[in-house]
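I opened the model to look up its core, its metal site and its pockets. My entries follow.

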Amino acid sequence: MPAVILVTNDDGVHAAGLHALAAALDNLGDVYVVAPDREQSAVGHALTLHRPLRVTQVGERRFAVNGTPSDCVNLAVLGFLPERPVLVASGINHGSNLGDDVTYSGTVSAAMEGTLLGVPSMAVSQAGAGDTGLESAGTVARLVASRLLVEGLPAKTLLNVNVPAGPVSGIRMTRLGHRVYREKIVQETDPRGLPYYWIGAGPPEWNEDEGSDISAVNRGQASVTPLHLDLTHYGALGRMADWESGLNSLLKKRPR
Ligand code: MN
């Protein structure tokens with residue numbers, strides 16, 4: 001029996017990008033789709049813990065869940081699929097997930113969830129809003145997935161793949177780039193005279209640093225970034241060792 005591959009996304013079970021990714025990975029294994037029943041972009045790593053999850057079969061090996069991308073991966077990996085998948089692939093997201101934006105992304109979070117559950121995982125996103133170019137994104141996804149299935153990934157590591165909107169001139173291994181936070185919040189007044197606020201109103205600005213995912217995609221190249229989920233900064237932990245004694249002596253002096 002061929003290995004099981006889980007495909008999910010955050011744009012919902014009917015998104016064109018999801019179909020393109022499932023088609024691209026077909027015959028690398030038995031592809032199962034378990035995806036949110038509606039758009040869940042920018043939900044990040046949220047889990048649904050306070051209401052039941054329902055699964056609706058919407059096609060052959062294709063299921064819709066009334067939850068988040070991370071819910072879908074949890075459900076699928078921890079028992080809904082006939083066996084544990086050898087790969088979790090999330091996408092193809094409609095729009096890139098680059099640099100500092102990855103933690104907001106439901107697409108990337110689904111791959112993070114797969115990684116935390118011990119399954120090699122990748123997220124795939126396509127720059128630009130339209131459905132054009134999904135085929136080249138699918139080709140890149142398939143190439144990366146094939147290599148990943150042979151070589152595996154280091155512990156706690158996932159791949160974040162971004163494909164440019166137009167033709168793909170190459171594939172680059174990159175690091176995450178950084179946003180320039182120049183935007184201000186927009187404050188307006190509603191019809192009842194109360195203030196309301198709008199965040200993320202302008203297009204994002206990025207540092208143009210060499211070797212980043214952002215500069216690769218801006219140059220028409222697909223970007224593959226290995227992301228590590230051990231968020232501890234070991235250098236800082238070492239340098240801040242003396243905080244412990246300092247904080248403890250203050251804690252002891254404190255009147256109770
Ligand atoms: Mn999305």
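I count a nonpolar core as a set of buried Ala, Val, Leu, Ile, Met, Phe, Trp, Tyr and Cys residues joined through side-chain atoms within 4.5 Å. Buried means under 20% relative accessible area, exposed over 50%, and partly exposed in between (1.4 Å probe, protein chains only).

This is a predicted model, so I note that local features need pLDDT of at least 70 and side-chain atom pairs count only at pLDDT 80 or more, while totals for chains, interfaces and linings use all residues. Residues are numbered from 1 along each chain as its sequence is written, and side-chain values use heavy atoms, with hydrogens and water left out.

**Core**

I looked up the largest nonpolar core and found 29 residues. Val7, Leu21, Leu25, Met122 and Val161 have the most contacts inside it. Helices (H or I, at least four residues) and strands (E, at least two) are DSSP runs, numbered from the N terminus. Elements giving two or more residues to this core are E1, H1, strand E2 (30-36), E5, strand E6 (121-126), helix H4 (134-151), strand E7 (157-163) and E13. H4 gives the largest share, seven residues.

Next I checked valine 7. Contact means heavy atoms within 4.5 Å. Not counting residues up to four places away in sequence, valine 7 touches Leu18, Leu21, Ala22, Leu25, Val31, Tyr32, Val33, Val34 and Ala89.

**Helix H1**

How many of the ten residues of H1 are buried? I found seven, so H1 is largely enclosed by the rest of the structure. They are Gly17, Leu18, Ala20, Leu21, Ala22, Ala24 and Leu25. These buried residues pack against E1, E2, strand E4 (62-65), E5, E6 and H4. Just after H1, I noted a positive phi of about 70° at asparagine 27.

**Manganese site**

Which protein atoms are donors of the manganese ion? I listed Asp10 (OD), Asp11 (OD), Ser41 (OG) and Asn93 (OD1), lying 2.1 to 2.2 Å from the ion. Donors are N, O and S atoms within 2.8 Å of the metal (3.2 Å for Na, K and Ca); water is not among the atoms, so sites may look incomplete. Along the chain the donors follow the spacing D-D-x29-S-x51-N. Aspartate 10 lies in the loop between strand E1 (4-8) and helix H1 (16-25), and asparagine 93 lies in strand E5 (residues 87-94), so the pair ties together parts that are 83 residues apart in sequence. Both aspartate 10 and asparagine 93 are buried.

**Proline 164**

I found proline 164 in the loop between E7 and strand E8 (171-173). Proline 164 is buried, with a relative accessible area of 2%. Not counting residues up to four places away in sequence, proline 164 touches Gln126, Ala127, Val217, Gly220, Gln221 and Ala222.

**Pockets**

On a 1 Å grid over the protein atoms alone, a pocket is an open set of points where a 1.4 Å probe fits, with protein on both sides within 12 Å along at least five of seven lines; lining residues have an atom within 4 Å of a point. The largest pocket is lined by 18 residues, of which Ala42, Ser96, Asn97, Asp101 and Tyr104 lie nearest its centre. I then listed the lining of the second largest pocket, which includes His45, Asp100, Met112 and His228. Helix H3 (106-116) and strand E13 (222-228) are the elements that give two or more residues to that lining.
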